[in-house]
Amino acid sequence: MARAVADWPHGLATTTLYLDAEGSQYPRRSDLDPRVGHLFRLARQRAEELGGDVPAQVARDLTRIAGWLGEDFERGAVRGLAFFSRAGEGLFEPVTLPLPVYDQVVVEPEPDVAQLCAVLAACRPVVVAAVDGRHGRLLRLDAGDVEELDLEEDGPPRQVDTDLELGSFDRHEEELGREHYRAVAQVLVHELERRPVTHLVLDGPPEAVVELEQFLPPLIRSQVVGRMALPMRSGSTELAAAASEAVGGTERARRASLLHDFRERAHTRTGVAVGLEATLDALAEKQAGMLVVERGFEAAGGRCTRCGRLVPGGGPCPNCGAATGTLDNVVGSAVADAVRHDLPLEFVVAGDLEDLGRIGAFVPRRGATASWRSDHA
Ligand SMILES: [Zn+2]
């Protein structure tokens with residue numbers, strides 16, 4: 001979805017509007033009105049500054065957004081809203097989000113997908129596989145929804161076969177047990193083939209979890225980010241909450257380790273671009289391997305009208321000398337460029353990179369501190 005919006009052709013003016021719709025804070029839709037009004041005023045003000053046809057275009061965008069809020073918006077589990085609009089060209093994308101965003105409005109040639117990407121990165125779907133000696137359950141957690149998947153496998157019949165020879169009874173039990181775990185694993189593998197996820201959580205008595213894992217392919221085992229031991233009969237909400245907690249813990253640890261790595265490299269000035277200017281250079285030179293950006297970081301800049309290079313601040317393009325179009329938030333455009341080029345993105349908490357310019361990139365190749373003089377086009 002972020003990719004589709006990031007791929008919009010650049011136009012004269014695109015209106016991007018993010019609205020915090022956190023239920024506890026703003027329980028009724030009318031509670032959003034004052035803030036919507038404020039954001040609309042900011043958008044009109046910005047449009048006036050840009051002049052030309054922009055105010056008329058932005059007015060159409062705001063009408064479209066107001067119309068959507070008035071007619072199509074159902075509160076439900078929505079905690080954030082994003083709008084990308086170039087109504088004059090028939091481009092309008094309203095997005096409801098399961099996590100809050102901060103209020104923001106941007107009017108510039110391209111959509112600002114930074115907050116959208118941050119939310120999507122923070123709410124990747126998770127599958128929970130719960131298993132004990134007799135039963136299995138599968139849950140899929142996606143954007144705040146909990147879906148209990150139908151697990152046909154309900155354990156083989158356990159009544160004693162009277163024809164069975166006494167000596168083979170234990171072996172028979174053992175085989176039935178193996179069959180059970182194999183069947184649960186098969187359903188899980190099938191589900192992950194159908195709808196892949198990157199995060200898997202296993203639940204059940206430790207010995208049962210170990211049995212199940214034996215039947216999982218290595219790739220799927222590598223996606224296990226948490227193990228827990230809640231009872232099989234736990235409510236799906238309870239399982240989902242515990243799984244989210246487990247995933248959250250793993251993610252925090254991964255991010256901390258990534259930040260540590262980034263800091264070490266920044267300290268020795270190897271393998272990273274640090275700060276806005278160096279990061280935009282690395283992106284332009286196609287040397288960035290992963291973009292790391294603080295949530296909420298915004299900075300003014302521009303995009304070269306000829307070669308497309310992003311630059312901080314104003315002035316002509318340092319690469320080709322052509323004029324640059326002004327961007328309110330060049331960080332949003334940097335994120336969009338990363339999305340377009342399938343670069344991994346890591347959003348860190350505001351303040352995490354404060355001393356390092358709030359944005360950076362891992363640069364896999366050596367000597368990659370970008371040069372302005374490259375022949376990037
Ligand atoms: Zn240029």
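Here are legends for a few close-up views of this protein, starting with the whole chain.

**View 1. The whole model, predicted rather than determined.** Local features are described where pLDDT is at least 70, side-chain atom pairs count only at pLDDT 80 or more, and totals for chains, interfaces and linings use all residues. Residues are numbered from 1 along each chain as its sequence is written. The protein has 10 helices and 16 strands; these are DSSP runs numbered from the N terminus, with helices being H or I of at least four residues and strands E of at least two. Its C-alpha trace spans about 90 × 55 × 30 Å along the principal axes. Of its 377 residues, 37% count as buried, meaning that 20 or more other C-beta atoms lie within 10 Å of a residue's own, while exposed means 12 or fewer and partly exposed is in between, with C-beta atoms placed from the backbone. Take the contacts between residues at least 6 apart in sequence: 69% of them join residues at least 24 apart. A contact here means C-beta atoms, placed from the backbone, within 7 Å.

**View 2. An open sheet of 4 strands.** Read across, the order is S3-S2-S1-S4, and the pairing is antiparallel. Strands S3 (91-97) and S4 (104-108) sit at the edges with a single partner strand each, so one side of each has no neighbour in the sheet. From one strand to the next, the twist averages 5 degrees. Two strands pair if DSSP finds at least two bridges between them; S1 (residues 14-20) and S4 are joined by 5. Look for Thr15, whose bridge partner in S4 is Val107.

**View 3. Helices H2 and H3 against the sheet.** Helix H2 (residues 33-50) packs on the sheet and touches S1 and S4, with its direction at about 20 degrees to that of S4. Helix H3 (residues 54-71) lies across S1, S2 (80-86), S3 and S4, and runs at about 140 degrees to S2. These angles run from 0 to 180 degrees between N-to-C directions, using axes fitted to C-alpha atoms, for helices over the stretch in contact.

View 4. Which residues of H2 are buried? They are Leu39, Phe40, Ala43 and Ala47. Just after H2 comes Gly51, with a positive phi of about 70 degrees.

**View 5. Arg252 in helix H8.** The C-alpha atoms of Arg252 and Val348 are separated by 9.7 Å, though the two residues are 96 apart along the chain.

**View 6. Loop residues Arg269 and Lys286.** Arg269 is in the loop between H8 and strand S10 (272-274), and its phi is near 55 degrees, a positive value in a residue other than glycine. With 9 C-beta neighbours inside 10 Å, Arg269 counts as exposed. Lys286 lies in the loop between helix H9 (275-284) and strand S11 (290-294). Phi of Lys286 is positive too, near 55 degrees, and Lys286 counts as exposed with 12 C-beta neighbours inside 10 Å.

How values were computed
Contact = placed C-beta atoms within 7 Å.
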